[in-house]
Structure formats: C-alpha cells, structure tokens
Amino acid sequence: MAGEVCDGIHIHPFNSAAYVRDVQRPRVQEGVDRAGRELADVTFEIPVMTPVGDTEEELAESREHARQMIAFYGSTRTYSPVFETHGFFGLSDELHQLQRRGDITAMVALISDDVLDHYTVSGTWSNLGANLIERYRDVAPNISLMTYTASSQLRRHPDILDRWSDVVRDVAAAS
C-alpha cells in the first residue's frame, strides 16, 4: 500500500541495509508498479542505529546501548525476518524466551559483534558519515538518514549536538 499511495515510508529502526534492499524495497516496488508510479516518488526514512565514539570507551558504551536495543527489538518474534535475512534463524525465538523470563543479561549476551554489525553502522565522529553513506547508498533512491541512538547520547552529553551536525553535513554533502 505504501508504494501505491504514500509519498514516503518510515522504516523500523531494527533494520539492516540488506533487509531494506532485499525485502522491504521490493514490496514497496510492487505497490509502486500497481499504481504506475516510480520508486523515486517514495522517500525511505531509515533510522539507523549508530554507535559512535572517538575512544575505545566511548565506542564500547555506544555499541553496548545498540546491543541492548537489538536484543529488545529482536525479542518481538514478528521481527524474526530481519534476523533471518542474515542467517540468524531462531535468534528471535531465543530472545523472546529470555525476555519472558526477564533475563535481560542473557538477551544482550546473544547479540554478538557479528549480529550487532549487521544492524548498526559504527564509527568515529570523523568517519561515521562516510560509513553511513557506504552502507545505505544503494538502498533506496531517496533516503533521509536518521541516527537512532543520538537522542540517548544528547540527554547525557548536550554538547554532542555539534558533532551530530557534522555527521549530517557529511551525509548531505555526499547525497
């Protein structure tokens, strides 16, 4: 339906470039084709989990936050296709069972670095923009990237807004 009638689609933050490219975009394309439209008529708003930091400690803290978010979202079994796109079959079910038991620590432990790296774009402040562009460049013809982890960082570090502004400028300049 979004491809048939909408000007845009907001992708869920638990995504990967491959899932958007290989699963979601083709479904939007079906609607676009039915309506005689072009895919370029549909803006893809894609929140991206973006662990960022200039030190090992900053990056580790930010990656841990993203790991927790993936464990939380992944425990919802309707999101299992997002895991399955990358071969992580059964992970959603395992997370769901742990969540039902209240074992958050075990949930987070299931999100390995390999899993984390499929659903996040990490980097230093100076290369995050380039990393975002590299990962999502071919996902859709018209993309507005949002960093999904920025709000939690901003609450703890209000001065970080300038750094995010730099990342946005980097992405905009390359678009």
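Predicted model: local features only at pLDDT ≥ 70, side-chain atom pairs only at ≥ 80, totals over all residues.
A search of the whole structure finds six aromatic pairs. One of them joins Phe 14 and Tyr 119, with 5.1 Å from centre to centre and 50 degrees between the planes, a tilted arrangement. Phe 14 sits in the loop between β1 (8-10) and α2 (17-35), while Tyr 119 belongs to helix α7 (residues 113-119), so this pair ties together parts of the chain that are 105 residues apart in sequence.

Tyr 119 counts as buried, at 1% relative accessibility. Its ring also pairs with that of Phe 83: the centres are 5.7 Å apart and the planes stand at 85 degrees, so this pair is edge-to-face. Here too distant parts of the chain are linked, since Phe 83 lies in helix α4 (residues 80-84) and Tyr 119 in helix α7, 36 residues apart.

The two pairs are set out below.

| Pair | Centre to centre | Angle between planes | Class |
|---|---|---|---|
| Phe 14 and Tyr 119 | 5.1 Å | 50 degrees | tilted |
| Phe 83 and Tyr 119 | 5.7 Å | 85 degrees | edge-to-face |

Phe 14 has 2% relative accessibility and counts as buried. Phe 83 has a relative accessible area of 1% and is buried because the cut-off is under 20%.

Phe 14, Phe 83 and Tyr 119 are members of one aromatic cluster, which also includes Tyr 79 and Phe 88.

Notes:
Residues numbered from 1 in each chain as written. Heavy atoms only, no water. Phe/Tyr/Trp six-rings, centres within 6.5 Å; stacked < 30°, edge-to-face > 60°. Helix = DSSP H or I, 4+ residues; strand = E, 2+ residues; numbered from the N terminus. Buried < 20%, exposed > 50% of the residue type's maximum accessible area, 1.4 Å probe, protein only.
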